[in-house]
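Grab the viewer, try each task, then read the solution.

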Amino acid sequence: MAVRLKDIARDLGVSVVTVSKVLRGNSDIGEETRKRVLKRMKELNYQPNMLARGLASGKTYTVGMVVPDLVHPFFAEFAKSLSGVLRQSSRALILASSEEDPEIERQEIRMLLRRGIDVLLIASCQPNLRNFYELGDERTPYLLFDRNFPHLAAHFVGSDDLKVGELATAHLIEIGRKRIAHIAGRNTSPSYERLRGFRNKMIEAQLPVPEEYVVVCDAHMEDRGDKTGYEAMQQLLALPERPDAVFCYNDMTAIGAIAATLAAGLRVPEDIAIIGCGNMPYNDYLRIPLSSIDHGTTELGRIAGELALDLSSTPEQPPKSILVPPTLIVRASTQSN
């Protein structure tokens, strides 16, 4: 038979209201009482009835998230960190993938809104997002992450992508490279900002950036990045004067670029130094360990989780933008022995 709040209250000689406040984390309960209630809950293996709580509060205790690719290392690690924060407050996470298709994204958003989620998180693939409320429910607070739309008054959590581009390019300049190319993304705020950071540092160092040294790739750099990077690198290798270093939009693109370089009989980093972005967990174990920019994925997930919980309880808040500073991780792909 399921343990009820009234059973815990009776055992401890307190009111059901007191037990309920402890469960909700209210601050007007004494620490000693809180400890006694939580101890008894644990002893009885109390499992809150989330459906009943939802009917009483008007909430579902669920957070919805739409990402371009569920299996991409960045989004997987972000979801893991986010879920850990939500779990501590008995919230469930519902995941959906847009597959980098704007229409699928709209369908998934509508589906999540119909489920009555308390907060929506979205890394949008829309080329020009105006307002999520065009898609349905106007009461659900939402949070953009990874991909921003500066013209939209919305909460945002992401990496400082301008700094990502500057860090990567400055590192290539510091190791003495002069002909630096960039394999760029298309139509997302990270791709625009990383390209801007790349150009900033090249101008600062008074190094030329021929038009053909910036290869802009399609929108599927998350799920097919290695193939995209391989093909983009082939274009750069075919130039009359090939680059001696390449900053790639993400790590998967860099892995493809390294493969194309080696297939052409060239050495990494002696002939061409290559750096990515994302700092995937297995970068140390690649044939040529990959230098990368770590944009703090776990920290991004934690911050987004805390903001989502805050929006769930207080949805009417002025939009805030939180940027996590990136760090440079140097490995063999840019460091000669």
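**Exercise 1. Find the residue that stands opposite Val63 in β3, then explore the strands around it.**

Step 1. Go to Val63: its opposite number in β3 is Val119. Strands here are DSSP runs (E, at least two residues) and helices are DSSP runs too (H or I, at least four), numbered from the N terminus.

Before you go on, a word on ground rules: this is a predicted model, where local features need pLDDT of at least 70 and side-chain atom pairs count only at pLDDT 80 or more, while totals for chains, interfaces and linings use all residues. Residues are numbered from 1 along each chain as its sequence is written, and side-chain values use heavy atoms, with hydrogens and water left out.

Step 2. Zoom out to the strands. β1 (residues 62-67) pairs with β3 in the parallel sense, over 4 bridges; two strands pair if DSSP finds at least two bridges between them.

Step 3. Look at the next neighbour. β3 also runs parallel to β4 (residues 142-145), joined by 3 bridges, and Ile122 has Leu144 in β4 as its bridge partner.

Step 4. Check the faces of β3 (residues 119-122). Val119 and Leu121 sit on one side, Leu120 and Ile122 on the other, and all are buried, where buried means under 20% relative accessible area, exposed over 50% and partly exposed in between (1.4 Å probe, protein chains only).

**Exercise 2. Work out which strands pair with β8.**

Step 1. Start with β6 (residues 180-184), which pairs with β8 in the parallel sense over 4 bridges. Here Ile183 stands opposite Cys248.

Step 2. Now try β9 (residues 273-277): 3 bridges join this strand to β8, and the two run parallel. Phe247 has Ile275 opposite in β9.

Step 3. Colour β8 (residues 245-248) by burial. Both faces are covered, with Ala245 and Phe247 buried on one side and Val246 and Cys248 buried on the other.

**Exercise 3. Decide whether Pro102 is buried, partly exposed or exposed, and list what Pro102 touches.**

Step 1. Locate Pro102 in helix α6 (residues 102-114).

Step 2. Pro102 counts as partly exposed because its relative accessibility is 25%.

Step 3. Leaving aside residues up to four places away in sequence, Pro102 touches Cys125, Gln126 and Pro127; a contact means heavy atoms within 4.5 Å. Pro102 and Cys125 are 23 residues apart in sequence, yet 5.8 Å apart in space, C-alpha to C-alpha.

**Exercise 4. Describe the largest cavity and what lines it.**

Step 1. Count first: there are 2 cavities of 30 Å³ or more. A cavity is a set of points on a 1 Å grid over the protein atoms alone where a 1.4 Å probe fits but cannot get out, and lining residues have an atom within 4 Å of a point.

Step 2. The largest has a volume of about 170 Å³, the space filled by probe spheres set on the points. Of its 18 lining residues, the closest to the centre are His72, Phe74, Cys277, Gly278 and His295.

Step 3. Sort the lining: 8 residues are nonpolar, 5 polar and 5 charged. Nonpolar covers Ala, Val, Leu, Ile, Met, Phe, Trp, Tyr, Cys and Pro, charged covers Asp, Glu, Lys and Arg, and the others, Gly among them, are polar.

Step 4. Trace the sources: α5 (73-88) and α10 (251-263) each supply at least two lining residues, and α5 gives the largest share, 4 residues.

Methods. 1 Å grid on protein atoms, 1.4 Å probe; cavity = no way out; pocket = protein on both sides within 12 Å on 5 of 7 lines; lining within 4 Å.
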